[in-house]
Amino acid sequence: MNMEPRTLETKAEAALAEAYETMRDALPGGAGVARLRTEAFDAFRATGLPHRRVEEWKYSDLRARLKDVPAFAARRSEADAKAVLASAGEAYASVDRFRLVIVDGHFYPELSDVAGLAGEGVTVRPFAEALAADGEALLDLPVVALADAAVGLNAIFCADGLDLAIADNTKLTKPVEIVHVSGAEAASTAERVLIRAGAKSEAVILQTFVGGVEGTFSNTLTDIRAGKGAGLTVARLQAEAAGTTHIATATLTLAEEAHAKLICAGIGSGFARHQSFVAFDGENARADLLGITMVRDRQHVDQTLVVDHAVPHCESREIFKTVVDDGAKGVFQGKIIVRPHAQKTDGQMMTQSLLLSENADMSLKPELEIFADDVQCAHGATSGQIDEDLLFYLRARGIPEKEARTLLVLAFLSEAVEEINDEIVIEAFEGRIKDWLSTEE
C-alpha cells in the first residue's frame, strides 16, 4: 500500500484517535491482542484514513466521505435490541434457517438460535469472549489483507461479533443467517465475524446488513476459514439505509481441496465498499466470487477483491455485474496474483457494468500479476448502455418501455445470479433486484 506523510488531521481522524484512547482499556483480549491493536493504531496515526492518493482506495476516498464519526455504539438491553431487530425487516423471512443476531456491533445470544446450532455440531461464541480466551490467533489474517486501512481500523476497534465453528464432517441441514442490524441513532461499529468450517463440512451462510440512519459508520470484517475438503457458501446482502457509510471486508482462506463460494450484493448505503481478500493455502482448492451491485441517487458502491494464488493446482472464478443509474458511482477493482510456485493455476475474472443514464459513473480496474509460467489466467471488463435494438424489439411486441428495461436489466444480471446455484439465495437476491427496479422513476 502506498504511504504518504501526514499533513493535516481531519475531524474524523481526531475523533477516531480520541475514541481509541477512551476505549482501549475496555476492549477485549489479552496482552497479545492489545499489542496488535496498538500497532494498528500507530499505523493509523501515521497514515490516517485512506484517500484518493492511496492506490487501493483511489476511487473511494473515505477521508473525504467521513466529515466526522459518531461515538461507538454501546451494548443495548435485550429489549432494546429486540425492538431494533424487529424494525429492520427480514430478507429471508420465508426461509427455514438458524438465525444469529448482531445489533450495533454486539452479538445477542439470547436473540439467536445458539442451541439449535449446537445440535448440528456448530459452536457459537460472542467474539469478545473468544478473543479473551484465544487471543491474537483469532486476528490472524491472509498476508494480502494485512496492510489494508479498513482492516487496520477494524483491528483497533473490534469489540464484539461472533465466532462460528463448524465441526469436521458436519453438513448443516439448513442455512445460517447472520443478521447485522444498525439502530435508529447514528453510531460507529466495528464487529468481527469468524467462520471456521471444519474438514469436509458443508454449510450455507447468509449474511445480511440492514438498518442505520444518516451518519452511521460501520466497519465489519468477516474472516472465513475453509478446512480441508470443506464446501462453503457465504452470501452477503448489504441493504443499509441510504445515509450510512458501510465498509465490509471478507477474508477467505482455503485449505486443500476446499471449495468456497463468496457472493456479495451491494444495494443499500450512500457510500459502501465491499472488499474481499482470498488466499489459497492448500492445493486443488477452488473459489467462486460473485458480485451484484445496483446504485442510484448519488450512491457510491465499490467492489474490490484480491485473489492470491500461492499454491499450485487451484482455481478461481470471478463474475461481477454492476448497474448504475442517476448520478451514482460504481467501482470495481480486481486483482489476481499468481505466485512463482503456483503452477497449474486457473484464474478467470470478468466484470461488466450497465449504465442506465448519461450521468452514471463507473470505474473499472482489473489486474493480473503472474509470476509463474504454466497457468491459465484471464480478465475482462465491459461497460455500456442498454441495447436500443433489444429495447425496440421488446416494445414492438407490446411491452411497455419501463417493463422492457426491467427485463433487460434482469437479463444482464442473470449470469451472476444463476451462478449462485442456491435457490434460497437466488430468490432473496432476485426479490431485492425487483424491488430496486420497481422504484425506478
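What follows is a short exchange on backbone angles and strand pairing.

Reader: Ground rules before we start?

Author: This is a predicted model, with local features needing pLDDT of at least 70 and side-chain atom pairs counting only at pLDDT 80 or more, while totals for chains, interfaces and linings use all residues. Residues are numbered from 1 along each chain as its sequence is written, and side-chain values use heavy atoms, with hydrogens and water left out.

Reader: What is phi of His313 near?

Author: Phi of His313 is near 60°, a positive value in a residue other than glycine. Most residues other than glycine have a negative phi.

Reader: Where is the place of His313?

Author: His313 is in the loop between strand 15 (300–309) and strand 16 (315–324). Helices (H or I, at least four residues) and strands (E, at least two) are DSSP runs, numbered from the N terminus.

Reader: And Asn421, where does that lie?

Author: Asn421 lies in the loop between helix 10 (401–419) and helix 11 (423–438). Phi of Asn421 is near 60°, a positive value in a residue other than glycine.

Reader: Is Asn421 buried or exposed?

Author: Asn421 is exposed, at 65% relative accessible area. Buried means under 20%, exposed over 50%, partly exposed in between (1.4 Å probe, protein chains only). His313 is partly exposed, at 38%.

Reader: How many bridges join strand 16 to strand 18?

Author: 10 bridges join strand 16 to strand 18 (residues 346–355), and the two run parallel. Glu315 has Asp346 in strand 18 as its bridge partner.

Note on methods
Two strands pair if DSSP finds at least two bridges between them.
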